[in-house]
Amino acid sequence: MILINLLPHREAARKRRKDQFYTQLGLSALLGGVICGAVFTWYQGQIAAQQERNQFLQGEITKLEAEIKDIANLQREIASLRARQTAVENLQGDRNLPVHLLDELAEQLPDGVYLTSMKQESQSVLLVGVAQSQERVSDLLRNLGNNSPWLMKPELVEIVAARFAEAGRDQRRVSNFTIRVSLKRPSAVPAAATPAKG
């Protein structure tokens, strides 16, 4: 016997394919959502871990900045203490400079040269005096520049010819002079010169 199917089999196959398509589409969407959720969760975990690392690094940076400030304060204190130490050493060394200055002037003044005033400003001394001739002033400059371990860089500021009258004698020609000379600090003076003057 022959069986004939009179039902619309094409529509049923089409409906079956359509249902299968929507089922696959739903499953794909669900699978895509699960994958997106997993990726989002993974990225959120990575971001949270990086934020924790950033917070840790920020805390360490804050600690280091505090330590750097402490180090900078210590360096300022050390520089201040060194400046004080240098000032005290300079004062200690300069304490004997007037003695050395007077001793050197007594040794280096040639005959016929007389000092009328002397003024010290820091490491510079201004000498004002009278000489019997300009050659004597030249000798004084040479002695101060070459023969003195405590004096250096003598500079003739001024020399003026003048007349000097002694009681009961004729007027004589003299030279009034002004010389600027620099003092050496005790640390710059050779060790051999220091005990000899002491």
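## Val 160 and strand E3

In this predicted model, Val 160 is part of strand E3, which covers residues 151-165. Val 160 counts as partly exposed because its relative accessibility is 37%, which falls between the 20% limit for buried and the 50% limit for exposed.

Apart from neighbours within four places in sequence, Val 160 contacts Val 174, Ser 175 and Asn 176. Gln 134 is 26 residues from Val 160 in sequence, and the two C-alpha atoms are 9.2 Å apart in space.

## Overall make-up

The protein chain contains four helices and four strands. Read from the N terminus, their order is α-α-β-β-α-β-β-α.

Of the 198 residues in the protein chain, 18% are buried. Counting contacts between residues at least 6 apart in sequence, 61% link residues at least 24 apart.

## The E1-E2 hairpin

Strand E1 (residues 113-121) pairs with strand E2 (residues 124-131) in the antiparallel sense, and the pairing runs over eight bridges. Two residues separate E1 and E2 in this hairpin, and Ser 122 in the turn has a positive phi of about 60 degrees. Gln 120 has Val 125 of E2 as its bridge partner, while Lys 119 stands opposite Leu 126 in E2.

Ser 124 belongs to strand E2. With a relative accessible area of 19%, Ser 124 is buried, since the cut-off for that class is under 20%. Beyond residues up to four places away in sequence, Ser 124 touches Lys 119, Arg 180, Val 181 and Ser 182.

## Helix H2

Helix H2 spans residues 97-108. Its 12 residues should span 16 Å at 1.5 Å a residue, and the end C-alpha atoms are 16 Å apart, so the two values agree.

The buried residues of H2 are Leu 97, His 100, Leu 101, Glu 104, Leu 105 and Gln 108. These residues lie on the same side of H2, because they cover an arc of only 130 degrees around the axis. An α-helix has 3.6 residues a turn, so residues three or four places apart point the same way. The other side of H2 has Val 99, Leu 102 and Ala 106 as exposed residues.

## Helix H3

Helix H3 covers residues 134-146. H3 has 13 residues, and the distance from its first C-alpha to its last is 18 Å, close to the 18 Å expected at 1.5 Å a residue.

Val 137, Leu 140, Leu 141, Asn 143 and Leu 144 are buried in H3. They are placed on the same side of H3 because their arc around the axis is only 165 degrees. Glu 135 and Asn 146 are exposed residues on the face of H3 turned away from its buried side.

The largest nonpolar core has 17 residues, and the members that touch the most others are Leu 127, Leu 144, Leu 151, Phe 177 and Ile 179. At least two residues of this core come from each of H2, E2, H3 and strand E4 (171-183).

Ile 179 has contacts with Val 125, Leu 126, Leu 127, Val 137, Leu 140, Leu 141, Leu 144, Glu 155, Leu 156 and Val 157, leaving aside neighbours within four places in sequence. Thr 178 lies in strand E4 and counts as buried because its relative accessibility is 11%. With neighbours within four places again left out, Thr 178 is in contact with Leu 126, Leu 127, Val 128, Glu 155, Leu 156, Val 157 and Glu 158.

## Aromatic pairs

Two aromatic pairs are found in a search of the whole structure. One of them joins Trp 42 and Tyr 43, with ring centres 5.1 Å apart and planes at 65 degrees, so the pair is edge-to-face. The angle decides this class because planes over 60 degrees apart count as edge-to-face.

Trp 42 is exposed because its relative accessible area is 51%, and the limit for that class is over 50%. Tyr 43, at 47% relative accessibility, counts as partly exposed.

Terms used
Residues are numbered from 1 along each chain as its sequence is written. This is a predicted model: local features need pLDDT of at least 70, side-chain atom pairs count only at pLDDT 80 or more; totals for chains, interfaces and linings use all residues. Side-chain values use heavy atoms; hydrogens and water are left out. Buried means under 20% relative accessible area, exposed over 50%, partly exposed in between (1.4 Å probe, protein chains only). Contact means heavy atoms within 4.5 Å. Rings of Phe, Tyr and Trp (its six-membered ring) pair if their centres lie within 6.5 Å; planes under 30 degrees apart count as stacked, over 60 as edge-to-face and the rest as tilted. Two strands pair if DSSP finds at least two bridges between them. A nonpolar core is a set of buried Ala, Val, Leu, Ile, Met, Phe, Trp, Tyr and Cys residues joined through side-chain atoms within 4.5 Å. The expected span of a helix is 1.5 Å times one less than its number of residues. The arc is that of the directions from the helix axis to the C-beta atoms.
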